[in-house]
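Subject: Structure for you to look over

Dear colleague,

My notes follow below it.

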Amino acid sequence: MTEVPRLPTSGGCRSEPILKQRGQREVFCGLTGIIWLHRKMQDAFFLVIGSRTCAHLLQSAAGVMIFAEPRFGTAILEETDLAGLADAQTELDKVVDQLLARRTDIKQLFLVGSCPSEVIKLDLSRAAERMTEKYAPSVRVLNFSGSGIETTFTQGEDACLASMVPVLPVCDERQLLLVGALPDVVEEQAVALLSAMGIQPIKVLPAPRSDTDLGIGTNTVFALTQPFLGDTHAALERRGARHLPAPFPFGEEGTTAWLRAIADEFDIDAETFERVTAAPRARARKAIAQASEALRGKSIFFFPDSQLEIPLARFLTRECGMEAIEVGAPFIHKGIVGPDLDMLAQGPTLSEGQDVDLQLDRCRTARPDLTVCGLGLANPLEADGLATKWAIELVFTPVHFYEQAGDLAGLFSRPLRRATLLKLEAAE
Ligand code: SF4
């Protein structure tokens with residue numbers, strides 16, 4: 001019989017009070033998501049309508065990757081272009097015409113909005129409709145916002161996937177839809193485990209190409225693989241699909257509970273579940289035990305950034321022996337992270353949103369052994385002698401499911417080891 005994750009005896013955190021603060025916040029913008037999305041969607045192009053800052057962000061986030069045929073770019077609209085919005089629309093049409101004439105491999109074009117007030121005034125949804133009419137059926141044009149005023153860095157993926165849902169064809173077949181852009185190797189592991197249980201058909205959003213047979217309907221059940229997909233969740237429900245709430249597949253326990261929720265929906269018997277999961281579960285437990293040695297008894301403080309904070313706090317406290325002091329998330333959507341909250345023991349402060357100065361004060365007072373935060377806060381905190389982990393690494397590194405569980409623990413133990421070494425060097 002498969003063990004079911006035990007709820008904390010103190011009661012979980014689902015009904016705990018949440019500290020809500022609004023003030024200055026320190027997060028990356030949603031354009032960042034283009035870096036991992038363009039790798040997943042092989043016939044898509046992301047055209048950011050933005051400023052030179054946006055172009056620099058994309059370039060530096062993409063590192064030194066130079067592609068012969070890149071799948072993202074920035075249309076830099078100068079202020080003079082934007083002074084006359086009619087001109088800006090014409091300018092945009094011209095850029096898209098040139099792009100699509102040169103790149104016949106593009107089948108999905110995303111117009112991505114950004115921060116400058118002139119860009120916000122541009123009606124990109126109308127532009128997308130107009131261009132879809134012009135280029136259909138060979139190219140579908142959609143739009144979403146990656147603006148830092150409206151989005152944190154993982155919300156770019158959410159906005160992108162949510163923009164795709166309304167145009168998916170109707171599918172009446174009973175099917176499982178996995179939602180979230182995972183690295184291919186990780187996605188393949190999830191599909192292999194579910195297929196080995198006999199679950200099919202399994203579809204994935206985003207699909208690697210727009211011409212796959214991905215549809216949606218009232219017989220679709222979906223499981224999220226990332227906790228930051230609130231708008232996509234709502235868009236799928238509007239199409240009649242049903243969400244399977246579950247803890248997120250981080251660590252052995254989270255992965256087992258996530259698989260279990262799907263297995264129960266598809267009436268998979270306990271013996272089959274055990275046969276498929278026993279070996280990878282054992283491997284995951286062993287890897288976590290090794291990688292989490294440096295984490296046991298250590299305290300952790302999460303600044304709100306990726307929306308992965310609650311599931312990660314659950315993993316780190318329950319499977320790695322850490323103590324959470326504060327778990328901050330940009331948004332807390334209980335319909336999505338409720339099962340993780342149920343498993344997170346009461347004790348840490350739960351906070352939603354941010355007033356960064358007040359939160360920095362709390363962090364400096366608590367002096368946690370490890371602080372998870374955005375790049376902008378890491379250096380000042382390190383200068384104060386606090387070890388930090390960049391939240392953004394968690395979305396650029398394969399961390400889901402059994403085979404990555406040890407690596408996930410390792411991501412948190414490395415900065416602690418580094419801090420210990422630095423202290424030893426300083427003492428010599
Ligand atoms: S915060 Fe705004 S201006 Fe800056 S890179 Fe992001 S979208 Fe562009």
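The notes below go through the ligand site, the sheets and a pair of helices in turn.

Please bear in mind throughout that this is a predicted model.

I begin with the ligand, whose surroundings consist of Cys29, Leu31, Gly50, Ser51, Thr53, Cys54, Leu57, Ser114, Cys115, Gly146, Ser147 and Gly148. Sorted by class, this shell holds 5 nonpolar and 7 polar residues and no charged ones, and its largest share, 3 residues, is supplied by helix 2, which spans residues 52–61.

Turning to the strands, there is an open sheet of 4 strands that pair in parallel, in the order 3-2-4-5. Its edges are formed by strand 3 (72–76) and strand 5 (140–145), each of which pairs on one side only, and neighbouring strands in this sheet are turned against each other by 25° on average, with direction ignored. Within the sheet, strand 2 (residues 44–50) and strand 4 (residues 108–113) run parallel and are joined by 5 bridges, with Val48 standing opposite Val112 of strand 4. Two helices pack on this sheet: helix 1 (residues 33–40) touches strand 2, strand 3 and strand 4, and its direction makes about 155° with that of strand 2, while helix 7 (residues 155–164) touches strand 4 and strand 5, its direction making about 140° with that of strand 5.

A further group of strands involves strand 6 (residues 175–179), which is mostly covered, since 4 of its 5 residues are buried. Strand 6 runs parallel to strand 8 (residues 220–224), to which 5 bridges join it, and here Leu177 stands opposite Phe222 in strand 8. Strand 6 also pairs in the parallel sense with strand 7 (residues 202–205), over 4 bridges, and in that pairing Val179 stands opposite Leu205 of strand 7.

With kind regards

Terms used
Residues are numbered from 1 along each chain as its sequence is written. This is a predicted model: local features need pLDDT of at least 70, side-chain atom pairs count only at pLDDT 80 or more; totals for chains, interfaces and linings use all residues. A residue is near a molecule or strand if its C-beta atom, placed from the backbone, lies within 6 Å of it. Ala, Val, Leu, Ile, Met, Phe, Trp, Tyr, Cys and Pro count as nonpolar, Asp, Glu, Lys and Arg as charged, and the others, Gly among them, as polar. Two strands pair if DSSP finds at least two bridges between them. Axes are lines fitted to C-alpha atoms, for helices over the stretch in contact, and angles run from 0 to 180 degrees between N-to-C directions. Two residues are in contact if their C-beta atoms, placed from the backbone, lie within 7 Å. A residue is buried if 20 or more other C-beta atoms lie within 10 Å of its own, exposed if 12 or fewer, and partly exposed in between; C-beta atoms are placed from the backbone.
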